[in-house]
Every structure is written in C-alpha cells, then in structure tokens.
Amino acid sequence: MYRHDSACGAACLVQAAAVVTTTLHEFAESLGNAVDAKDPHTRRHSDEVAEVAHALALRMGLSPREADVIHVAAHLHDVGKIALPDAVLFKSAPLTGEEWDLVRKHPVIGADIVRPVRELRQCGVLDMILHHHERFDGKGYPDGLAGEDIPLGARIIALADSLSAMLQSRPYRKAMSFETARMEIAANAGSQFDPRVVRAFMARSEDIRAVMETMRLPLNRGK
C-alpha cells in the first residue's frame, strides 16, 4: 500500500507505523487544525477528511494500523497550504493561471514540510501528501500519476478530500447536499477517483453521512 524509504526494511516499517499512530498522531491533528483555522470556510476540513479516509480504508480491508497511518496522512494532506498567500487562499473571484500554479504547489510543499520526520517518510505519509491531488486517469498533479501508480492511501484521501470540500461552502459557491456530492463521486469513478475507493464509499455512504453530521458539518439536504 505504501511507498516508503527503500532503506527501511519490514521491521523498520512496522516500528515506524507504531510511532506514527501514537506519538505523532495528536501532533498531526493539531497541525491540520492550524491549517484549517486560517480560513473559516474550511473549518474542520482536515478532521473530516481524516475520518472519512479512515472509514474507507477499513471498508477496503486494510488493517487498523494501516488505516491509522492513512488517518494521520489525511490530517496533514493540506499542510502545504500554510505557505500559500492569504490573498490566494481567500480569493472569492476565479483564480488566475498564475494563482492556480501556486495552489498546485501545495502537495509538494506539504511533502517537503514533513520530509524531516523519518517515520512519516517510512510509512508512506509523505507520499500520500504529495500525491493526494493525482487523478486515477492521470490528469492530476503534481506528477500526473495514474491508476495504481498512485499510492492507495493517496487515492483514498483524494475521495475524502473532495467529499469534504463539496459539502462545505466556499466564497465562490454554496455547499452541495450529501446526495449531490455522492452522485458526483459516482460519476467520476475511473476518471478522478479509483473505482474501488468509490465502491467502498458507496457501500458506507450512509455511515459516512452520519459521521459528518455528528461532526456538525452543515449539510444541505436537497432531494
């Protein structure tokens, strides 16, 4: 599932995963909250992505420890946005080409931020952050990876990230209803999203809806 340091053997990887799911987990959650706090429109976004990604990982048959590592990566997926100018992050008008180029750098910046933490490299958290905006059809960024060349954790986070974003209002659009977001995800299976991850989401969508409601995400319950 993970891409990790080639110098790290199996025993080293297990040890790193244990550290990530204990010592670093609360720090990752705090750092994700710090990113979200910059913008009231993205309140609890990282928490939502982490909870959905964890549920999807378990539904896909990953072990609890693997799901926990994905949970940590999801908390950190947008950490690179710390480096983006507020004028770009909070802009209500459409972004210019140059501004979009800046936004597309945030996965690389985020990966560089966590790179010094050996356990995050070894468990694949760095690669999940780096590739969470890749698309299954190869039209994403930063590297244009496609299909199973994208780390599984990144494919899971990509769907969870999109779901949370669709359900939150932004300066340039209103929040979608959960049902509309679910149809949008289903329509993009095989293009934007890994079909296996979409199937896991569809199978657990009502549970995920309940989790997000519990987190007090305002949902527009359109028909």
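# Briefing: a buried glutamate, a bent helix and salt bridges

Glu 134 is found in the loop between helix H9 (125–130) and helix H10. The model is predicted. Its mean pLDDT across the chain is 85.

**Glu 134**

- Glu 134 has a relative accessible area of 4%, so this residue counts as buried.
- A polar atom of the Glu 134 side chain lies 3.0 Å from the backbone nitrogen of Gly 144.
- The backbone nitrogen of Leu 145 also lies 3.0 Å from a polar atom of that side chain.
- Beyond four places in sequence, Glu 134 touches residues including Tyr 141, Pro 142, Ile 150 and Gln 192.

**Helix H12**

- H12 covers residues 195–214, which makes 20 residues.
- From first C-alpha to last, H12 reaches 27 Å, close to the expected 28 Å.
- The helix bends by about 65° at Arg 204.
- At the start of H12, a side-chain oxygen of Asp 194 comes to within 2.9 Å of the backbone nitrogen of Arg 196.
- Among the buried residues of H12 are Val 197, Phe 201, Ser 205, Ile 208 and Met 212.
- In an α-helix, residues three or four places apart point the same way, because there are 3.6 residues a turn.
- The buried residues of H12 pack against helices H3 (45–59), H10 (152–167) and H11 (178–187).

**Salt bridges**

- The structure holds 13 salt bridges.
- Side chains of opposite charge can pair when their charged atoms come close.
- Glu 99 and Lys 91 meet in one of them, at 2.8 Å from N to O. Glu 99 is buried, at 17% relative accessible area. Lys 91 is partly exposed, at 23%.
- Asp 112 pairs with Arg 115, with the closest N and O atoms 3.0 Å apart. Asp 112 is partly exposed, at 41%. Arg 115 is also partly exposed, at 39%.
- Glu 119 forms a salt bridge with Arg 118, and the closest N and O atoms are 3.5 Å apart. Glu 119 is buried, at 16%. Arg 118 is partly exposed, at 47%.
- Salt bridges with shared partners link Glu 179, Arg 182, Glu 206 and Arg 209 into one network.

**Confidence**

- In the chain, 80% of residues reach a pLDDT of 70 or more.
- Confidence is highest in H11, at 97, and lowest in helix H1 (residues 10–20), at a mean of 60.
- Over residues 217–223, pLDDT stays under 50. The model has 17 contacts beyond four places in sequence for these residues.
- Where pLDDT is low, predicted coordinates should not be read in detail.

How values were computed
Residues numbered from 1 in each chain as written. Heavy atoms only, no water. Helix = DSSP H or I, 4+ residues; strand = E, 2+ residues; numbered from the N terminus. Expected span 1.5 Å × (residues − 1). Bend = angle between axes of the 7 residues up to and from the residue. Buried < 20%, exposed > 50% of the residue type's maximum accessible area, 1.4 Å probe, protein only. Contact = heavy atoms within 4.5 Å. Polar contact = N/O pair within 3.5 Å; in protein donor to acceptor, adjacent residues only side chain to side chain. pLDDT = per-residue confidence, 0-100. Salt bridge = Lys/Arg side-chain N within 4 Å of Asp/Glu carboxyl O.
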